[in-house]
Amino acid sequence: ETRHLGDLLQKMDGPVLVLSTKAGLGNYAVGKAIEQALPGHVAGYHLSIEDLIPKKLVKRDFERYRRICARYPLLLNFIYRIPLSYLQKYLRECVFKDLDLRRLRETILSMGVRTLFATNHRAAFWAGALRRRKEIDCSLWALLTDYHMNSGWKFLFWNEIDRFLGPIHRPKVSSCPKERYTEIPLPV
């Protein structure tokens, strides 16, 4: 059953923080559309995840991705087929919990966020890591903004994600608890 995002947003506890990325402006446009679609009685904010994590993480995750896309597209295919970088990041957080997520945590806490809406797997990973560490206490929703699940979605803390939304049909959803998945058309 396909639902509409507007119906789901009515059930969100505010304030709501929508985290998207500027790595792809389509993702940022989806985040902006979600912020604008929030009901009037719900305070909402839209921020770029790159502004809330250390420059080291931005360089490692986003700038490397852009460089690979622009210069080495065949390498991108390899990364998605054999996702060692995603696995390494996941295992490192599981064992060491050494990602510096202080600015993200402080932003969420200072805004009194009750629902965090991540529009990409990186934001969902970092927010999920904070929930797993019990450093934030808010609902976490994730939105797939593509028509397939790349390997980045495989390495999330799925126990920390309350809702997962996206435009693909439920039988094609992998790597997550399907009972949390709701099919929706993208809001842009």
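Reader: What caps the N-terminal end of α7?
Author: This is a predicted model, and in it the N-terminal end of α7 is capped by N120, which has a side-chain oxygen 3.0 Å from the backbone nitrogen of R122.

Reader: And what comes just after α7?
Author: Just after the helix there is K134, which takes a positive phi of about 65 degrees.

Reader: How many residues does α7 have, and how far does it reach?
Author: Helix α7 has 12 residues, and from its first C-alpha to its last it reaches 16 Å, which is close to the 16 Å expected at 1.5 Å a residue.

Reader: Is α7 mostly covered or exposed?
Author: Mostly covered, with 11 of its 12 residues buried; among them are H121, R122, F125, W126 and R131. The elements that cover these buried residues include the strands β1, β3 and β4, together with the helices α3 (55-71), α5 (84-95) and α6 (102-111).

Reader: Which strands does α7 lie across?
Author: Helix α7, residues 121-132, lies across β1, β3 and β4, and runs at about 160 degrees to β4.

Reader: OK, on to the sheet itself: what is the strand order?
Author: The sheet is open and has 6 strands with parallel pairing, in the order β2-β1-β3-β4-β5-β6. The edges are formed by β2 (44-48) and β6 (181-183), and because each of these has a single partner strand, one side of each is left without a neighbour in the sheet. On average, and ignoring direction, neighbouring strands of this sheet are turned by 20 degrees against each other.

Reader: How many bridges join β1 to β3?
Author: Strand β1 (residues 16-20) and strand β3 (residues 115-118) run parallel and are joined by 4 bridges, and within this pair L19 stands opposite A118 in β3. Helix α2 (residues 25-37) also packs on the sheet, where it touches β1, β2, β3 and β4 (139-143), and its direction makes about 170 degrees with that of β2.

Reader: Which residues have the most contacts inside the largest nonpolar core?
Author: Those are I108, L116, W126 and F164, in a core of 38 residues. At least two residues of this core come from each of β1, α3, α6, β3, α7 and β4, and the largest share, 7 residues, comes from α7. Apart from it lies another core, of 15 residues, which includes M12, V16, V18 and V30.

Reader: What does L116 touch?
Author: Not counting residues up to four places away in sequence, L116 touches L17, L19, I108, A127, C138, S139, L140 and W141.

Reader: Now the loops: where does L99 lie, between which helices?
Author: L99 lies in the loop between α5 and α6, and it counts as buried because its relative accessible area is 9%, under the 20% cut-off. Its contacts, leaving aside neighbours within four places in sequence, are L57, R60, E93, F125, W126 and R133. In sequence L99 and W126 are 27 residues apart, while their C-alpha atoms are 8.6 Å apart in space.

Reader: And E160, is that buried or exposed?
Author: E160, in the loop between β4 and β5 (163-166), counts as buried because its relative accessibility is 17%. Leaving aside its neighbours within four places in sequence, E160 is in contact with G128, R131, R132 and L140.

Notes: Residues are numbered from 1 along each chain as its sequence is written. This is a predicted model: local features need pLDDT of at least 70, side-chain atom pairs count only at pLDDT 80 or more; totals for chains, interfaces and linings use all residues. Side-chain values use heavy atoms; hydrogens and water are left out. Two strands pair if DSSP finds at least two bridges between them. Axes are lines fitted to C-alpha atoms, for helices over the stretch in contact, and angles run from 0 to 180 degrees between N-to-C directions. Contact means heavy atoms within 4.5 Å. The expected span of a helix is 1.5 Å times one less than its number of residues. Buried means under 20% relative accessible area, exposed over 50%, partly exposed in between (1.4 Å probe, protein chains only). A polar contact is a pair of N or O atoms within 3.5 Å; within protein, one must be able to donate a hydrogen and the other to accept it, and residues adjacent in sequence count only if both atoms are side-chain atoms. A nonpolar core is a set of buried Ala, Val, Leu, Ile, Met, Phe, Trp, Tyr and Cys residues joined through side-chain atoms within 4.5 Å.
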